[in-house]
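The following paragraphs lead through the strand arrangement and the contacts of the structure shown below. Please keep the sequence and the model at hand while reading.

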Amino acid sequence: MTDVQLDPSKRGHWTSDQEVRWCPGCGDYGILAAMQFLHTELDTKREDTVFISGIGCAARFPYYMSTYGMHTIHGRAPAIATGLAISRPDLNVWVVGGDGDMLSIGGNHLIHALRRNVDLTILLFNNQIYGLTKGQYSPTSEVGKITKSTPMGSIDQPFNPVALAAGANASFIARTHDLDRKHMIEVFRRAHQHRGAALVEIYQNCNVFNDGAYDAITKRDVRDSMMINLVHGEQIRFGPENERGVVLRNGVAEVVDVDESNEADLLIHDEKNHDPALAFALGMLAKDNNSPTPFGVFRDVKVPDYGDVMNDQLLKANESNGPGDLDKLLRSGATWTVS
Amino acid sequence: MDCEPAKRGVHVTDTADRVDQALDHVVIRFAGDSGDGMQLTGDRFTSASALAGNDLATLPDFPAEIRAPQGTLAGVSAFQVHISNHDIHTPGDAPDVLVAMNPAALKSEIDRLRSGGTVILNDDAFDERNLEKAGYTSDPRENGDLADFVVHRVAMTKMTLEATADLGVRKRDAERSKNFFALGLVSWMYSRPVEPTLEWVKAKFGKNPMVVEANIAAFKAGHAFGETAEMFGSPYKVAAAPQKPGEYTNITGNTATSWGMIAAGQLAKLPVFLGSYPITPASDILHELSRHKNFGVRTFQAEDEIAGVGAALGAAYGGSLAFTTTSGPGVALKGETLGLAVSVELPLVIIDVQRGGPSTGLPTKTEASDLMMAMYGRHGEAPLPIVAASTPAECFNAVIEASRLALKYRTPVILLTDGYLANGAEPWLLPDADSLPDISVPFALEANGTDENGAPVFLPYARDEETLARPWGVPGTPGLEHRLGGLEKHDVTGNVSYDSANHSRMTDLREAKIKGIANDIPPVEVDGQGEAPVLVVGWGSTRGSITAAVERLRQDGVDIDHAHLSHLNPFPANLGEVLGGRKHVFVPELNLGQLSRLLRAEYLVDAKTISKVTGLPFTGGELETALREGMAQ
């Protein structure tokens with residue numbers, strides 16, 4: 001990741017006049033700051049930027065950006081944003097939601113926005129819990145999660161958001177976390193630059209209902225040994241001494257201790273691979289909150305943007321049929337005249 | 001005026017060498033297996049009749065299954081068409097002629113035929129197996145079942161095969177042209193113009209020249225058979241109906257709806273966006289609109305009903321004239337998004353092509369039972385305007401009116417049509433595009449207020465004093481950046497507000513905005529003297545049936561008025577006055593009394609329901625009877 005020079009004096013331009021109302025200590029604050037700082041550096045205008053969200057803690061996000069925004073209904077943000085993005089390709093449309101919003105009630109809309117490759121930058125705040133409804137397990141909670149609705153432990157297998165996105169053939173997939181502002185900014189920047197659907201999973205801490213869920217991966221003292229930094233074109237290695245790496249065996253990504261015998265076999269990251277299988281395999285490395293977990297960009301491939309293709313059809317129809325003429329349309333069937 | 005026995009007389013006119021028989025009107029019902037192409041046949045006959053200048057009304061009547069088991073009663077598909085030399089309002093009470101392509105079609109449809117009517121059978125289909133499949137224990141051609149009718153047994157399959165023998169078509173394919181044989185025969189019987197049908201066959205099947213030739217050969221064979229076989233006598237003529245001068249086309253409700261959407265976009269000077277999910281009987285609107293991308297129309301086939309309306313709302317936010325098209329089950333799914341649209345106050349038109357319910361109900365049959373859902377099918381106090389179309393062609397204007405209200409008042413509007421209007425057809429006096437109303441509204445382009453420091457700000461909920469509409473500021477407009485949402489908003493600023501007095505005020509404002517529309521819609525017109533003791537109030541597709549019944553009663557000296565509503569929320573401002581002082585108020589509805597309940601609640605009037613929920617429209621006759629019975633009480 002490149003170094004980012006943050007200019008706090010410009011952040012205000014991207015900050016709305018509304019009081020931020022997340023719980024003190026919530027990971028969302030860090031994400032909001034990263035987004036505002038990113039915008040101080042982008043060559044975009046406030047009026048051309050729209051944040052669309054569903055329901056949940058994360059979904060309050062649009063209120064705090066000084067851009068256009070709509071806080072919609074539970075799970076439907078990708079659908080509503082799709083209509084906006086394909087009818088207004090001139091806009092930068094961001095979608096914000098949590099794991100319940102995007103993967104439970106809105107799971108259908110998410111996968112369809114991804115497979116269609118609508119030009120949306122989708123931020124999935126994954127805190128593995130329902131916050132706004134006060135602490136039920138979510139579709140990304142680990143099996144056995146004790147919550148108010150699962151006093152004996154949850155019995156659902158969780159979704160792996162990166163693998164799910166790869167399964168939907170998403171053209172851009174990345175993961176970042178709320179403790180590293182520079183990393184977030186860089187990942188958000190790449191996602192924003194991508195034309196088509198981009199999914200960014202953000203490991204986000206809910207300090208009230210699921211505090212420390214990612215501590216074993218993202219805390220400063222363990223990061224080096226638990227976070228796998230993905231760099232396109234480079235071997236996938238991590239660890240304080242770069243002593244661990246990832247190999248692919250029968251299509252399954254595995255973590256190995258690197259030695260002379262296997263060093264040449266280490267997987268070279270290829271985010272441009274048109275087959276989503278590699279992104280899927282790397283995504284599945286995030287088995288639980290105690291396993292080494294990849295961060296960065298899993299996949300970034302060029303696929304025709306849905307809105308662009310739709311526009312092309314309109315242009316083509318205009319070329320071949322001429323511009324629409326209502327009188328002609330009404331008389332396009334058999335007609336007769338009564339005098 | 002339709003279907004009265006007195007009018008059914010045959011007038012004989014002597015011409016040079018042939019005696020043509022003039023008819024005032026005739027009702028023909030084509031019936032066959034789902035795979036026999038009966039809808040196509042009926043549709044083609046209708047178009048030829050339209051070109052002949054007849055007034056007409058149609059009733060396609062088909063099963064939900066694409067292909068039910070061949071030869072069974074479940075698989076019978078029928079198309080009824082009423083053609084006339086005068087103004088008619090319904091597809092006719094009882095057919096005069098039944099064309100039955102197999103025993104199942106005969107068994108399923110024969111009870112509809114008027115006594116003394118004509119039956120034309122495909123004789124070749126009456127083998128033992130088909131008779132058994134239709135549930136006949138003996139042959140209806142022989143057992144006296146058809147004694148009340150004039151029966152013509154025609155070897156349609158055999159003659160179709162003979163006519164196509166030299167074309168090198170496979171037998172199975174050739175057989176499929178037998179509906180064109182039937183069409184040719186009936187076209188001869190009723191003196192329909194031939195050329196338009198031949199041209200149409202060439203255009204429709206042009207990609208497959210063999211099919212074109214086979215269909216044309218079968219059509220000509222049927223036509224020639226009518227002329228040469230002595231069984232049919234002379235052809236009938238149904239003269240052109242006197243119509244207002246102008247250019248006409250024959251149009252179905254779904255096509256008129258689609259063209260209305262395109263027109264509304266042009267009249268609003270906005271790009272049209274349709275978010276939709278396939279559902280019977282609304283899908284044809286999505287199909288038709290998708291053919292007209294040269295108007296800048298975007299059609300989006302969503303992953304589900306919710307995404308269909310969601311995408312439409314997103315497009316509305318971005319400044320499109322946005323639509324979603326569906327039927328009852330889809331409206332149920334869209335309810336939450338409609339609530340959001342009410343709350344964020346964006347223009348959106350929801351077109352509900354109603355069908356029989358509840359649940360999957362009767363997908364291909366008509367019903368008008370979504371009125372209460374349109375009124376109240378959202379949580380909270382979520383009022384929205386409701387518009388209803390009353391004839392197939394009227395769907396065009398209804399879409400424009402729904403769009404006008406949506407745009408002017410920044411509100412979702414529900415337009416109710418139904419399966420009968422959607423698939424039914426009528427001649428339409430085409431309007432000139434120039435004569436259609438301008439329904440454009442301005443976007444907000446600059447700040448409309450100041451903050452506490454006197455700096456200009458955009459206040460998204462500062463309302464227009466007259467309409468109570470809020471400004472429509474679309475993304476991309478500098479200086480108007482604002483946030484909308486489903487949470488309650490503070491009056492004027494639009495910021496999130498949990499203040500109880502504010503919520504009460506906003507609830508009242510949303511209600512007042514919709515109620516105020518009553519002053520912006522035409523008063524309901526009364527057909528009749530206006531002070532008759534009996535008033536029939538209708539809405540939607542019952543217009544034709546009510547008009548037919550009322551005309552008959554008037555001929556019998558009954559003093560009766562008819563008021564037909566095209567706006568159901570709010571009601572026209574004069575409706576209370578129209579309802580007042582009547583001895584009887586009757587409300588015929590294709591539901592169990594939804595409008596009459598609204599009228600009773602709103603006007604404390606003793607509105608009596610006449611209800612029908614068989615999946616079919618009222619016939620003029622049954623409505624006439626029901627009204628007579630009601631008046632006698």
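In which order do the three strands of the open antiparallel sheet of chain A follow one another? The order is 8-9-10, with antiparallel pairing. Here strands (E, at least two residues) and helices (H or I, at least four residues) are DSSP runs, numbered from the N terminus, and two strands pair if DSSP finds at least two bridges between them. Strand 8 (237-238) and strand 10 (252-257) of chain A each have a single partner strand, so one side of each is left without a neighbour in the sheet. Six bridges join strand 9 (residues 244-249) of chain A to strand 10 of chain A in the antiparallel sense; A:Val246 has A:Val255 as its bridge partner in strand 10.

The model is a predicted one, in which local features need pLDDT of at least 70, side-chain atom pairs count only at pLDDT 80 or more, and totals for chains, interfaces and linings use all residues. Residues are numbered from 1 along each chain as its sequence is written, while chains are lettered from A and ligands numbered from 1 in the order in which they are written.

A second open sheet draws on both chains: its nine strands have the order 7(A)-11(A)-5(A)-6(A)-4(A)-3(A)-1(A)-2(A)-20(B), and the pairing is mixed. At its edges stand strand 7 (227-229) of chain A and strand 20 (483-485) of chain B, each of which pairs on one side only. Within this sheet, strand 3 (residues 92-98) and strand 4 (residues 121-126) of chain A are parallel and share five bridges, with A:Val96 opposite A:Leu123. Strand 2 (residues 68-71) of chain A and strand 20 of chain B also run parallel, joined by three bridges; A:His71 is the bridge partner of B:Gly485.

In total, 60 residues of chain B are in contact with 52 residues of chain A, contact meaning that the C-beta atoms, placed from the backbone, lie within 7 Å. Helix 11 of chain B gives the largest share of the chain B side, nine residues.

Chain B itself is divided by an automatic or database domain assignment into domain 1 (5-238), domain 2 (249-435), domain 3 (442-520) and domain 4 (526-632). The centres of domains 1 and 2 of chain B, taken over C-alpha atoms, are 34 Å apart. Between these two domains, 13 residues of domain 1 are in contact with nine residues of domain 2. On the domain 1 side, strand 4 of chain B provides the largest share, six residues.
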